[in-house]
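Here are my notes on this one, jotted down while going through the coordinates. Have a look at the structure first, then see whether you read it the way I do.

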Amino acid sequence: MSYRLVCRACHKELFEDCYRCPECGGVLDCRFDLKDKTYYSSVIKNAQTFWDYKPLLPLKGENYITIGEGSTALVDAERLATKLSVRKVLVKNEGQNPTGTFKDRCLSVGYSKAKEMKAPATVIGSAGNAGAAAAAYAAKSELPCFVMVPATTSMERVVQTLMYGANMIKINGNVSDCIEMLTKVCRARGWHNMTTAHPCNPFQAEGTKTIAYELARELDWRMPDWVIVPIGGGGILTGIYKGFCDMKALGLIDKMPRMAGVQEDGCSAVVNAFQIHAKPEEVKRVECPSGVAVAINDAYPLDGGTALAAIYDSSGYAEKVNAQEIADAQSLLGSTAGVFAEPASACSIAGLVKLLNKGVIGSEHTVVCIVTGSGLKDTSFAISHANSPQVVNMDDAELSGAIERCLSISK
Ligand SMILES: *Cc1c(COP(=O)(O)O)cnc(C)c1O
Ligand SMILES: [Zn+2]
C-alpha cells in the first residue's frame, strides 16, 4: 500500500480507511511514502493523463471513476503579459474540466474512494461548483448524492447539478453553514461526506496536487517565480503546494515557486490573517461574508490554516481584490487570452494586476495564474458589466450603423 492515514492531532497511524480519526476525531492526512524516488519520479515524469498519477492517489484497488478530468491547457497569455509589462503569464485553464472547474480532480478521487469504501450514499456542502462535480461523479459511479448549496447559488450551477440527477437542497445560509449542517446528517445516516475541504474528506484533497505535477511537466520542470491561486476554503492552494513539495523531495524540480493567494474583500479570512502576520491556526471566521466571487465566499476557510502555512513557507503573498477589479480582470483575460473565467477565477488575474502594481511581483517574473473555473458557471456577473449587443432589423443601413458604432467603441 502506497499511503497511510496519519492523525494531525494524536499522530496515530491508521490502516483502515476513514474520514476522521476514530480515536480523537482529528483531521487525517494521506501520507505517501516517496522513498522509492526512481519509481515515483517516473510516475510524475511519464504521466499523460490524470489517472496516470494513480500511484500517488489514495486508492487501494484497481478501479476508479473518471469522466475525463485533468490534463487542462496551460495557455501562454502573451498579449496579457505585454499589456501588464510582465515577462510571462501562463494561465492554467481548469475551466476545461468535465464539469467546468478543478473540483473534478477532487471528486474523481473522492468518488473513487467512496465506491471503494462501499458508501451507502454521499452528501456534499458546496457553493455550487463542488456540488455539480459531485453530482456528475455520483452519476458515473452509481452512488446516491445529496447536494446542499446556499439558496442564492447561480442557476447555471443548480441546473447542471439537477441534470446529473442529484438530489439538491437549497439552504438559507452560506456555504460554511451548509457544510456544518451536513456533518450531522453524515453522523446520523452513515453517509460519506464529499465536501471538498480536507477536514471533511482527506481523500479528495489529494486531487489538486496533480495541477502542480501537470504544470511542472508542461513547463519542462522549470518552475515559475509565482503561482497565483484564488482561496475559498484554501484546499486548492494547499494541494498545489503539496504537489510542488513532492516534486522537490523527489528531485524533479530544484526551485519552489512562491504561492500567492487571492480573496475578495468582503470575504478574506486568510488575507486578513496574513496582513497581521497571524499564525496559521489563528485564521478567523468572517462574519457576514459578501461578494461577487461566490465560489470563494467561505466565511470560515476550513483549509485556511494550511493555505496560509504554504504562503509563509514559500515566501508568498496574500492579497484581496474588489468587485470592480474582478470585473476588469474578467474582461481583460477574456479579451486578450480567449479564456472566460468565472468571477472567483478572475481573482488570480486581478491579484496579478494588484501585486504588479504593488511591486510584489516584478516585471522580470514568470507567473502562472490558476483559472479555477469556467465563466459559463456564473453568467450574471459578467452580464452585469459587459456591453449589451445592439439589436438591428434586417436592414443593411441599420447593420452598417451598428458596425460603425462597434468600431468607434473599440477604438
Ligand atoms: C472551489 C473553488 C475555488 C476555491 O477552492 P478552495 O479549495 O475552496 O480554496 C476557487 N474557484 C472556483 C471556481 C471554485 O469552484
Ligand atoms: Zn487522532
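1. Start with the ligand. A backbone N or O atom of Gly234 sits 2.7 Å from an oxygen atom of ligand 1, and a polar backbone atom of Gly235 is 3.1 Å from an oxygen atom of ligand 1. On the side-chain side, an N or O atom of Thr372 comes to 2.7 Å from a nitrogen atom of ligand 1. I'm calling a pair of N or O atoms within 3.5 Å a polar contact; within protein, one must be able to donate a hydrogen and the other to accept it, and residues adjacent in sequence count only if both atoms are side-chain atoms. Ligand 1 taken alone exposes 380 Å², and the protein buries 95% of that (Shrake-Rupley areas, 1.4 Å probe; for residues, only the protein chains shown count as cover).

2. Before going on, a caveat: this is a predicted model, where local features need pLDDT of at least 70 and side-chain atom pairs count only at pLDDT 80 or more, while totals for chains, interfaces and linings use all residues. Residues are numbered from 1 along each chain as its sequence is written, chains are lettered from A and ligands numbered from 1 in the order written, and side-chain values use heavy atoms, with hydrogens and water left out.

3. What surrounds ligand 1? The shell has 16 residues, with Lys103, Asn129, Gly233, Gly234 and Thr372 the closest (a residue is near if one of its heavy atoms lies within 4 Å). By type, the shell splits into 6 nonpolar, 8 polar and 2 charged; Ala, Val, Leu, Ile, Met, Phe, Trp, Tyr, Cys and Pro count as nonpolar, Asp, Glu, Lys and Arg as charged, and the others, Gly among them, as polar. Helix 8 (235-249) and helix 12 (343-358) each give at least two residues to it. Helices (H or I, at least four residues) and strands (E, at least two) are DSSP runs, numbered from the N terminus.

4. On to the packing. The largest nonpolar core holds 78 residues, and Leu107, Tyr111, Ile240, Phe244, Met247 and Ile370 touch the most other members. Helix 4 (residues 129-141) gives the largest share, 7 residues. Apart from this core lies another, of 36 residues, including Val91 and Leu356. A core here is a set of buried Ala, Val, Leu, Ile, Met, Phe, Trp, Tyr and Cys residues joined through side-chain atoms within 4.5 Å; buried means under 20% relative accessible area, exposed over 50%, partly exposed in between (1.4 Å probe, protein chains only).

5. Ile370 is worth a click: beyond its neighbours within four places in sequence, Ile370 has contacts (heavy atoms within 4.5 Å) that include Ile211, Leu215, Ile236 and Ile240. Ile211 and Leu215 are among the buried residues of helix 7. That helix (residues 209-218) has 8 of its 10 residues buried, so it is largely enclosed by the rest of the structure.

6. Ala318, in strand 12 (residues 317-321), is buried at 1% relative accessible area. Ala318 touches Gly261, Val271, Phe274 and Ile311, leaving out residues up to four places away in sequence.

7. Finally, the backbone. Most residues other than glycine have a negative phi. His11, in the loop between strand 1 (3-7) and strand 2 (13-14), has a phi near 65 degrees and is exposed at 60%. Glu142 has a phi of about 60 degrees and is exposed at 70%.
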